[in-house]
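My entries follow the order in which I looked things up.

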Amino acid sequence: MENFAVVQSIIKAALDADEAAVHKQVARLESRLRRAGAEKEVAAIERLLKAATEVKHLAPSQVVTSRAPVTGETLTSEVHPPMDRETGAQLCRIDLPGKGAPKPVYGPSAQETIDGLLSEWGHSDTLKAVGVEPTRSLLIYGPPGTGKTITGHYIAEQLGLPLVTARIDGLISSFLGTTARNIANLFDFANRYACVLLLDEFDALAKLRDDPHEVGEIKRVVNTLLQNLDRRREYGVTIAITNHDGLLDPAVWRRFETQLHMGEPEHVARETLIARFMTPINADAATIRIFSYCLPGRTGADLERICQAVKRTTVMTGEAPDASALFKALSSVLGRMPRLNHMPAEVLAANPRAFVSLIANDLEIGLDQKQIGQATGMSQSQVSTLKRKKLHLELPHAQ
Ligand SMILES: Nc1ncnc2c1ncn2[C@@H]1O[C@H](COP(=O)(O)OP(=O)(O)O)[C@@H](O)[C@H]1O
Ligand SMILES: [Mg+2]
């Protein structure tokens with residue numbers, strides 16, 4: 001096999017965990033492939049390198065568990081979560097670290113916040129030495145399916161700590177009197193063990209507040225929660241998540257030192273997510289660009305669902321999952337979706353040839369005729385004809 005010597009050196013460097021050597025050998029391989037005209041392979045390597053730097057950027061290597069601002073006993077699989085005394089329901093879920101939680105994809109500002117927190121938590125000793133406390137609480141808000149819960153898992157994983165996840169609606173007992181006790185038990189548990197406490201679906205509490213019955217009891221529950229959040233500061237990191245930030249009252253907002261908004265991914269993050277969700281199919285950059293062009297405003301969870309549908313559709317046709325098959329599959333998946341509310345997606349759903357007219361005339365997508373041809377399975381001259389015909393203008397959506 002050609003280049004086997006380089007591959008061998010890469011394997012050796014990787015086994016030695018010698019990162020500099022890995023990079024050197026990968027660069028060697030890349031230049032050999034480039035010389036041999038293997039552009040696709042070079043692009044694949046570049047993607048891997050880019051993904052690796054992204055990950056590194058996300059995960060400062062200096063994060064050390066023992067330095068995280070967390071105290072307590074070690075939580076093991078033998079420890080049972082606390083329970084609701086009346087119903088026996090568990091008040092939280094425990095995820096021990098080491099499972100390799102997926103690394104979420106962030107836009108630049110969310111990335112900065114997460115990076116900042118992780119490196120702060122990795123250096124809490126240094127911070128304390130100069131008399132400042134590290135941030136201990138984070139509120140994540142934004143629409144469903146934007147990666148909030150997986151961010152909680154990811155942070156715990158990066159800190160090497162177990163994640164104790166409570167859903168507030170699970171704590172709210174039908175016997176209202178028990179709710180405050182459940183909350184107190186949950187926090188006692190989290191404070192006893194070294195862990196990250198994740199309060200998911202935090203808005204359930206705010207909804208409860210609107211209930212005109214049981215006003216006194218609800219006040220008590222909210223106060224218990226606020227007191228426990230304050231006390232929790234001494235013990236460890238707390239993350240709360242809500243889909244409806246508008247429902248939380250200012251007293252609750254104030255409890256959280258950092259607030260992180262997670263929204264629909266912008267185009268760079270969208271392309272990264274699409275590439276990820278298309279694996280193991282290795283979609284070309286132009287194909288990913290076309291997917292992304294049709295799917296702005298979609299959440300990460302939407303993109304995942306759509307990519308899965310495309311993969312399913314492609315496989316069922318029995319065709320090789322090449323660019324042209326993926327393009328056709330995207331068109332049919334979009335065609336089956338109700339209310340696309342987005343012109344390019346509507347054009348592609350209605351008529352793939354009109355879509356080619358559209359993107360050949362739209363500078364914003366940034367694809368030349370050759371790339372469009374490759375990504376759609378058409379010849380360059382077909383693309384050029386379609387560009388002239390402007391078929392998309394004949395469709396009602398594109399007016
Ligand atoms: N930013 C993102 N990065 C990676 N995956 C994402 C992202 N947003 C959504 N997803 C995908 O969507 C799924 C749902 O994400 P989740 O964290 O449960 O959303 P939320 O808690 O915001 O409702 C995840 O399992 C993941 O596959
Ligand atoms: Mg969630």
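Before counting anything, I noted that helices (H or I, at least four residues) and strands (E, at least two) are DSSP runs, numbered from the N terminus. With that settled, I found that the protein chain has 19 helices and six strands.

I reminded myself that this is a predicted model, in which local features need pLDDT of at least 70 and side-chain atom pairs count only at pLDDT 80 or more, while totals for chains, interfaces and linings use all residues. Residues are numbered from 1 along each chain as its sequence is written, and chains are lettered from A and ligands numbered from 1 in the order in which they are written.

Entry on the whole chain. I looked up the extent, and the C-alpha atoms fill a box of roughly 75 × 55 × 40 Å along the principal axes. Of the 399 residues, 37% count as buried, a residue being buried if 20 or more other C-beta atoms, placed from the backbone, lie within 10 Å of its own.

Entry on the domains. The chain is divided into domain 1 (1-66), domain 2 (68-261) and domain 3 (266-398), with bounds that come from an automatic or database domain assignment. I found the C-alpha centres of domain 2 and domain 3 to be 40 Å apart. Seven residues of domain 2 are in contact with eight of domain 3, where contact requires C-beta atoms, placed from the backbone, within 7 Å.

Six strands form an open sheet with mixed pairing, in the order 1-3-4-5-2-6; two strands pair if DSSP finds at least two bridges between them. Strand 1 (93-95) and strand 6 (258-261) each have a single partner strand, so one side of each of these edge strands has no neighbour in the sheet. I then followed strand 2 (residues 137-141), which runs parallel to strand 6 and is joined to it by four bridges, and I saw that Leu139 has Gln259 in strand 6 as its bridge partner.

Entry on the ligand. Which residues are closest to ligand 1? I listed Gly147, Lys148, Thr149, Gly300 and Ala301, out of 14 residues that surround ligand 1, and I noted that a residue is near a molecule if its C-beta atom, placed from the backbone, lies within 6 Å of it. Helix 6 (148-159) and helix 14 (300-317) each supply at least two residues of this shell, and domain 2 and domain 3 each give at least three.

How values were computed:
Buried ≥ 20, exposed ≤ 12 C-beta atoms within 10 Å, placed from the backbone. Contact = placed C-beta atoms within 7 Å.
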